[in-house]
Amino acid sequence: LNLRALTSWVGIARLLAVLLSCLSFSLVASTGRFNGPYGTWCMFTWCFCFAVTLLVLLLELLELYPLLPLSWDDFTSAFSMLATLMVFTSSVVFPATFISSPCSSSQCARQAVATTSSCLCFLAYALEVSLTRAKPGDISSFLSTVPGLLKVFEAYVACLIFSLLEDYSRESGLMWCVAVYSICFIFTLLIIIFTIGRCLTYIPCPLEKVLVGYNALALLMYLTAMVLWPLYSLGGRGRPDSCGKNCLWDKNLGVTFLTIFNLIAYLVDLVYSTRMVF
């Protein structure tokens with residue numbers, strides 16, 4: 001047994017994440033109020049992170065991970081970053097959707113405790129990301145470097161954008177933006193999968209310079225989307241008075257902000273990748 005898998009700072013962070021995610025979905029399940037797409041997403045997040053983190057702990061405790069045909073350090077770095085983003089999203093979405101004011105019932109109290117444990121779970125995963133992040137000059141595990149972590153962030157933000165897309169076929173400018181989101185997401189996801197699967201060495205070209213070129217191209221594409229999406233989807237109009245809870249205008253505004261976030265991520269990615277290569 002590799003007891004260091006549980007006693008190291010990374011192991012302690014993972015144990016906390018397992019306990020807190022288990023507490024979150026148990027409390028929410030006891031209330032019976034997690035219906036709808038948002039509630040389903042939050043429950044899936046907590047259960048998925050609990051199961052995978054527990055599996056990671058067991059594989060490291062029993063020292064079975066070297067038998068897997070993948071880059072273990074890249075996998076754990078990518079998963080911890082993904083879990084950080086997923087739990088953060090659930091920690092914001094769940095209370096905004098299911099907790100109403102005033103909060104006086106026992107059901108609401110359990111929802112509040114579940115939200116608190118979800119926030120602490122987010123901090124545990126963020127701590128793991130900080131502890132496993134590659135130090136400057138160390139590129140043995142690509143997905144633990146800043147460009148690698150940004151790849152996970154870019155793919156996740158693209159998934160959030162896809163969840164908000166609606167009625168974009170009426171304008172060619174909007175269709176171009178969707179094509180930008182899709183193309184960049186596919187290539188970023190392939191980079192992550194090939195890195196974890198140790199397939200990047202089979203690419204017959206200088207990989208580092210290809211990544212720099214891809215980041216530059218993705219930055220330019222997202223720059224066009226940042227201009228075209230609000231121009232065609234919002235059209236300079238304010239929020240309609242008749243806009244309800246699932247208002248299309250709100251979703252288009254959310255896509256606008258997420259586009260800006262990914263644009264900044266690709267810019268930082270390009271800067272760090274250029275510094276690593278040159």
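The UniProt annotation "transmembrane region", from an unreviewed entry, covers residues 6–29, 41–59, 79–99, 139–162, 174–196, 211–232 and 253–272. The structure described here is a predicted model. The domain assignment of the protein divides it into domain 1 (1–137) and domain 2 (145–277). A nonpolar core of 55 residues, the largest in the model, lies between these domains, because both give residues to this core.

**Annotated spans**

- Residues 6–29, one of the spans annotated in the UniProt record, are 96% helix and 0% strand, and the end C-alpha atoms of this span are 28 Å apart.
- Residues 174–196, also among the annotated spans, are 100% helix and 0% strand, with 33 Å between the end C-alpha atoms.

**Domains and their interface**

- The centres of domain 1 and domain 2, taken over C-alpha atoms, are separated by 25 Å.
- Domain 1 contributes 15 residues to the contact, and domain 2 contributes 9 residues.
- Between them the two domains bury about 1,300 Å², of which 74% is on carbon and sulfur atoms.
- Of the area that domain 1 buries against domain 2, 31% is supplied by Met-81, Leu-85 and Arg-133, more than by any other three residues.

**Nonpolar cores**

- Within the largest nonpolar core, the residues with the most contacts are Tyr-125, Ile-161, Tyr-181, Cys-184, Tyr-222, Trp-229 and Tyr-266.
- At least two residues of this core come from each of the helices α2 (9–31), α3, α4 (72–98), α5, α6, α7 (172–196), α8 (207–233) and α9.
- Domain 1 (1–137) and domain 2 (145–277) both supply residues to this core, so the core is placed between them.
- Cys-184, leaving aside neighbours within four places in sequence, is in contact with Tyr-214, Ala-218, Met-221, Tyr-222 and Tyr-266.
- Another core, of 10 residues, lies apart from the largest one and includes Phe-25, Cys-42, Trp-46 and Ala-114.

- Helix α3 (residues 36–61) has 26 residues and spans 37 Å from its first C-alpha to its last, close to the 38 Å expected at 1.5 Å a residue.
- After α3 comes Glu-63, which has a positive phi near 55°.
- Helix α5, with 27 residues, reaches 39 Å from its first C-alpha to its last, close to the 39 Å expected at 1.5 Å a residue.
- The buried residues of α5 are Cys-108, Gln-111, Ala-114, Thr-115, Ser-117, Ser-118, Cys-121, Ala-124, Tyr-125, Glu-128 and Val-129.
- An α-helix has 3.6 residues a turn, so residues three or four places apart point the same way.
- The elements that cover the buried residues of α5 include α2, α3, α4 and α6.

**Individual residues**

- Ser-144 is located in the loop between α5 (106–132) and α6 (146–164).
- Ser-144 counts as buried because its relative accessibility is 5%, and the cut-off for buried is under 20%.
- Apart from neighbours within four places in sequence, Ser-144 is in contact with Asp-74, Ser-77, Thr-132, Arg-133, Ala-134 and Leu-149.
- Phe-257 belongs to helix α9 (residues 248–277) and is partly exposed, with a relative accessible area of 46%.
- Phe-257 and Leu-120 are 137 residues apart in sequence, and their C-alpha atoms are 26 Å apart in space.

Key. Residues numbered from 1 in each chain as written. Predicted model: local features only at pLDDT ≥ 70, side-chain atom pairs only at ≥ 80, totals over all residues. Heavy atoms only, no water. Helix = DSSP H or I, 4+ residues; strand = E, 2+ residues; numbered from the N terminus. Buried < 20%, exposed > 50% of the residue type's maximum accessible area, 1.4 Å probe, protein only. Expected span 1.5 Å × (residues − 1). Contact = heavy atoms within 4.5 Å. UniProt positions renumbered as here; feature names shortened; annotations may be inferred. Core = buried A, V, L, I, M, F, W, Y, C linked by side-chain atoms within 4.5 Å. Domains from an automatic or database assignment. Buried area = accessible area lost by both parts, 1.4 Å probe.
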